[in-house]
Amino acid sequence: MKSQKRTAFTYEKPWIAGRADPYVLRAEDGSYYFTASLPAFDSIALRHAAHLRDLPKAKEQVIWRKHGSGPMSFNIWAPELHFLDGAWYLYFAASDKDDIWQLRPYVLTCRDADPVTGTWEECGQMQCAEEDPFSFRAFSLDATVFENHGERYYVWAEKVGVGQQISNLYIARMESPTKLATVQELLTTPDYPWERHGFWVNEGPAVLHHGGKIWLTFSASDTSAAYCMGMLEADEDADLLDRASWTKLREPVMASREKAGLYGPGHNSFTTDDEDGSSVCVFHARTGTETEGNPLYDGARHAYCLHVSFDETGRPVFAPDPV
């Protein structure tokens with residue numbers, strides 16, 4: 001039986017403290033799994049709970065640890081859990097401790113019923129299509145997977161350029177959970193000033209399917225208080241590999257909110273609330289503007305949880321109250 005009063009998720013305090021790049025999966029049985037970048041960037045952990053509201057109290061279990069050297073030995077970032085073709089898959093980025101910025105996308109899989117206690121196997125680096133000479137040759141991270149009309153798509157961030165490095169988002173259709181079927185297609189590049197603070201960045205894609213539309217959010221700028229969330233939209237019947245099918249909003253849909261004490265919101269995921277079936281946005285943000293050293297390695301990024309509403313045009317609204 002559904003609760004008569006929906007659990008309140010607000011800007012007022014972090015939902016799960018100390019967890020950046022949060023990802024929530026609602027499983028086929030209706031229960032929830034949570035994963036995120038850990039402050040030490042050295043392992044991947046999962047939480048499991050019957051209800052969304054119970055994830056903050058759920059036990060966190062480390063299911064994989066970084067290698068001692070070589071690939072997957074440093075910067076274990078932004079894991080995402082998916083259930084595909086009867087198995088669990090974890091997508092994440094990692095680098096080599098001897099070359100820490102050479103990030104690449106990697107995949108783990110588990111064929112046991114319970115991904116928290118089951119055995120995880122390494123699938124290696126995500127594979128591009130045979131005819132693709134570009135994908136995953138440079139700094140690549142923040143992959144997400146979504147399905148539309150029976151096709152599965154992979155979206156990720158990858159840096160390009162000589163001199164000025166620009167982080168773009170790319171999309172490809174998937175052949176399997178570990179390999180792409182098509183050559184990368186550019187989805188979005190940093191066009192506006194709010195995407196170019198510190199670094200020119202589009203990263204952290206997440207997909208919300210609603211009202212016949214594909215809404216794809218992404219994060220922009222460096223990881224300071226300037227970090228913010230933009231959004232693209234496409235018709236679900238359009239060719240999603242055609243950049244012309246997508247429209248980018250000219251302004252961010254979520255940004256720092258000083259009165260709420262919330263700074264640098266971004267790198268989100270979407271799920272549904274088991275209490276009323278509403279859409280929920282899970283994202284990370286800071287509670288202040290000051291950081292210790294490099295903001296990327298500052299542990300004060302926390303996971304937040306907010307209900308998503310929709311305006312009269314069907315567009316998602318993440319911050320209806322003016323702050």
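Colleague: What is the bridge partner of T271 in strand 19?
Modeller: T271 is bridged to V280 in strand 19. Strands here are DSSP runs of E with at least two residues, numbered from the N terminus. Bear in mind that this is a predicted model, where local features need pLDDT of at least 70, side-chain atom pairs count only at pLDDT 80 or more, and totals for chains, interfaces and linings use all residues. Residues are numbered from 1 along each chain as its sequence is written, and side-chain values use heavy atoms, with hydrogens and water left out.

Colleague: How many bridges join strand 18 to strand 19?
Modeller: There are 6, and the two strands run antiparallel, with strand 19 covering residues 279–286. Two strands count as paired if DSSP finds at least two bridges between them.

Colleague: And what is the strand order in that open sheet?
Modeller: The order is 18-19-20, 3 strands with antiparallel pairing. Strand 18 (263–272) and strand 20 (301–307) are the edge strands, each pairing on one side only.

Colleague: Changing topic, which loop holds M72?
Modeller: M72 sits between strand 4 (61–65) and strand 5 (74–84). Its phi is near 65°, a positive value in a residue other than glycine.

Colleague: Is M72 buried or exposed?
Modeller: Buried, at a relative accessible area of 6%; buried means under 20%, exposed over 50%, and partly exposed in between, using a 1.4 Å probe and protein chains only.

Colleague: What about F136, what is its phi?
Modeller: F136 has a positive phi of about 65° although it is not a glycine. F136 lies in the loop between strand 8 (121–125) and strand 9 (140–148), and is buried at 4% relative accessibility.

Terms used: Helix = DSSP H or I, 4+ residues; strand = E, 2+ residues; numbered from the N terminus.
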